[in-house]
Structure formats: structure tokens, C-alpha cells
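Good morning, colleagues. I would like to take a few minutes to present the side-chain contacts of one structure, beginning with the aromatic rings and ending with the charged groups.

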Amino acid sequence: MGRLFLLLLLPFLLFANTVKPFKWNDGESFLTFLERKKLPLTLYYNLDKEDQKLTEDIPYNANCQMVVDDKKFIHQILIPVNDELQLQIFLTPKRRYDIRVVPIVSQEYTETLYVPIQTLPYDDILKMTGSKNLASEFVKIFKGRVDFRKGFKKGDPIVLVYTQKYRLGKPFSMPEVHGAMVEINGKKVTVYRHSDGRFYDEKGAQYEKFLFQIPINNPRITSGFTKSRYHPVLHCYRAHLGVDFGARPGTPILATGDGHVCFAGSSRGYGNTIKIRHSNGLVSLYAHQKAFRAGIHNGSSVKQGEIIGYVGNSGLSSGPHLHFGMYAGSTAIDPLSVMKKTTEGFSGKERKAFLAIRDKMDMKFKKALQEKVLRKPYFDFHETYYVDSTTFKPKPF
């Protein structure tokens, strides 16, 4: 797909129209955004229930784009909902605004990053890549095992093997780390992602100590997690950024892990909703509740397994159920991927598969340490845009 795109300057390509990047305001509803931009509220009300709920999953600080002419008249707005789909508000030939859910144009690369520590790993990785998510992911992986504030000396190496999506030349969404290594005073500490999506050390012992439990007893999944699905009958794209559990009204909802309530209130789409921020940085979401347990409010401290509310049918819901979401930063992840799993160590075919992953990753670590190739410092491409090399029109449009 790379052959179809060129990086060219926007003023040259878009002539009278200009692409203006902007960040999604944290806590702003889609309706408030439409009002602020003086766009018709019918754009929201004409959406079906599933897409209306999707507007509540717009990540805070999402990198959005707005196309305006020289009179500041809006021709188009692109708002990412996740790393695969975006909301597209556009002006039709009849000069009316419409909205639809469309795929995001992005490129994906697997990279090996070598970084000699100069200050702190977070700062050094951010400087090299421009990705706060990658820097945070690295620190989170080694949290509790490596003290980066003492013990290391300048020049100690870090190696990261990861897959990153890029949109408009910028790191986009959460990176997927395949393996990581840090050498502190000559001692190597390594971690590997197995095919189950979890991290393990070189012996196959599970790295992650903070795991969650299913937030409802006797769970019955009625709808799973998906970032992007094309509906063959409706001819549109769908996303379901969580897991739905069918249950009777009033069924107790349990905190999936220890944490603090960072939101307890109501929204149009999700109804009565609770969000809990956990010590490992993840945030869990519990939507469509009938009611909260007495005493649950913003700032409440909760323990894993503690009742926080009760299954209901509030918001845009077709029946009593719990919509359960999980977020890493502003990115929705599959909640079931972080549920409790007992791992006593690999054996048989699974051990053989893990050792193959480990050995392949070790070879990448070794090569990076030998070659010591430094990535060029991150450059912000906010003044450029991807265009089709044949038509010279902006491709995402």
C-alpha cells in the first residue's frame, strides 16, 4: 500500500482547503462538540443506537482533522474512535452535512529500537519515537522488577521490538510490544510476549502480577469485543469496544480489580456508568447499570470482587445486560485478554512454541546490541498528508 501514497505538503495539494489538526477535548460529548462547531445535532440523532454509543468511545486527546476553506467553512471532519475506525462528518454535493463510520488509513511497521539510556527510559524512548504510549508501555512492563531511578549508568542499553501503527506520519494507537530488554550494570532483564498476548520471562514464568476477574458471577457472553467489523446486510462498519454479559436486572456487578472510581454517573449512550482506574494504569468500565451500590461515588476506593452496582437497562440498551470495557490510556482493549489465568509454566508443545518465540527475540536483542543503530529522533509530520499518487487527492477523504 506504501506505493500508493506520497508525502507532500498540504498547501500545495489542497489549494484553497486546509487540513487543521485538533485534539478531542477530554470529557466533551459528541453533542457538545456539534454545538460548538455549529453543526446540526441531527448528525447524532440520525445515527442508529450502536453508532450513537460509539461516539462515547472517542478517546480523550484523539488526533482529529478538520478540512476548512479560506472562509473557515467546514467541509469535513475525521474523528478516530479506535485504531481501525473513525467518524467522518462531510459536506454532501447538496451542501448538507452527513456522517458515517469509515476505516482509518494507516500503515503498520514492526521495528527494533535500540536506546542507550541518557536520562530516564521514558524520556529517551519518547524522544526517539514520539510515542508516549510506547514509553509508558516499556516502563509498565518492567515496573517492580527494574528501578530506573537508581542502579543504571549512562549508556546502559534498552532494546524494544514492537509493532506500531502510523497515521498521517505520527505514531497512532497503542503499540504492541513483542519483546523488551534492558541491561543494568551488565545484568540483562528480558521479557517476551507469548502467543496468548501475555508477558513472560526467559524461563516462561508469567510477568504480569496484576490480573482481573470477570465482573459478574455465572457470566454469559452475548456480544464480544471487536474494533472493526463490516456488516454485510447493513453495508456499514461496526465496532463493539467491550464485552456484553447477559444477566437478570439487579444482578450484582463486581469490581474486576482493586482501584479507585474515577467516574460514577450517567451518559446518554451507556446510561448509569462506573469507571475504575487500577494501579497498573488500566481503566475498567461498567455500563447500563440499574443503580450503583450505596456509597459508590467519584474517588471511592474499591477492592477486587466488591459489589459496585447492579445490572440494568439504562442508556441505549436493548435489554438488561452489563457492558464491560477496558482501556489502556485512551485505547480500548479486549477485557478478556487481561482476565485471571493460572500459569504454572509451559510444557509440551506450548513450551516448544514459547522457546521458539524467546530464541527469535533473543537474536533480535543480540543484533541490536551489536549494531547499536540509533533511530533518528522523531519528526512531527503535522504539516504533511498522505495522498493518492495517481489522483493527487488526499487518500482518507
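**Aromatic and charged contacts**

One aromatic cluster is formed by Phe-22, Trp-24, Phe-30, Phe-33, Tyr-44 and Tyr-45. Please keep in mind that this is a predicted model. A member of that cluster, Phe-22, also has a charge above its ring: the charged end of Lys-37 sits there, 5.6 Å from the ring centre. Elsewhere, Arg-100 lies over the face of Phe-90, and its distance from the ring centre is 4.7 Å.

Let me turn to the ring pairs. In total, the structure holds 13 aromatic pairs. How are the rings of Tyr-200 and Phe-354 arranged? Their centres are 6.0 Å apart and their planes stand at 70 degrees; because planes over 60 degrees apart count as edge-to-face, this pair is edge-to-face. The two residues come from distant parts of the chain, with Tyr-200 in strand 11 and Phe-354 in helix 7, 154 residues apart. Tyr-200 counts as buried, at 0% relative accessibility, and Phe-354 is likewise buried at 0%.

A second pair brings together Phe-245 and Phe-324. Here the centres are 6.4 Å apart and the planes meet at 40 degrees, so the pair is tilted. Phe-245 belongs to strand 15 and Phe-324 to strand 22, so this contact ties together parts that are 79 residues apart in sequence. Both of these phenylalanines are buried.

I now come to the salt bridges. Side chains of opposite charge can pair when their charged atoms come close. A search of the whole structure finds nine salt bridges. One of them joins Asp-83 to Lys-165, with the closest N and O atoms 4.0 Å apart. Asp-83 is in the loop between strand 4 and strand 5, while Lys-165 is in strand 8, 82 residues away.

In another bridge, Lys-153 meets Asp-156 at 3.5 Å, N to O. Lys-153 is partly exposed, with a relative accessible area of 46%, whereas Asp-156 is buried at 4%.

Finally, Arg-293 and Glu-306 meet in a salt bridge at 2.6 Å, N to O. These residues lie 13 apart, in the loops on either side of strand 20. Arg-293, at 24% relative accessibility, counts as partly exposed, and so does Glu-306, at 21%.

Notes: Residues numbered from 1 in each chain as written. Predicted model: local features only at pLDDT ≥ 70, side-chain atom pairs only at ≥ 80, totals over all residues. Heavy atoms only, no water. Phe/Tyr/Trp six-rings, centres within 6.5 Å; stacked < 30°, edge-to-face > 60°. Helix = DSSP H or I, 4+ residues; strand = E, 2+ residues; numbered from the N terminus. Buried < 20%, exposed > 50% of the residue type's maximum accessible area, 1.4 Å probe, protein only. Lys NZ or Arg CZ within 6 Å of the ring centre and 35° of its normal. Salt bridge = Lys/Arg side-chain N within 4 Å of Asp/Glu carboxyl O.
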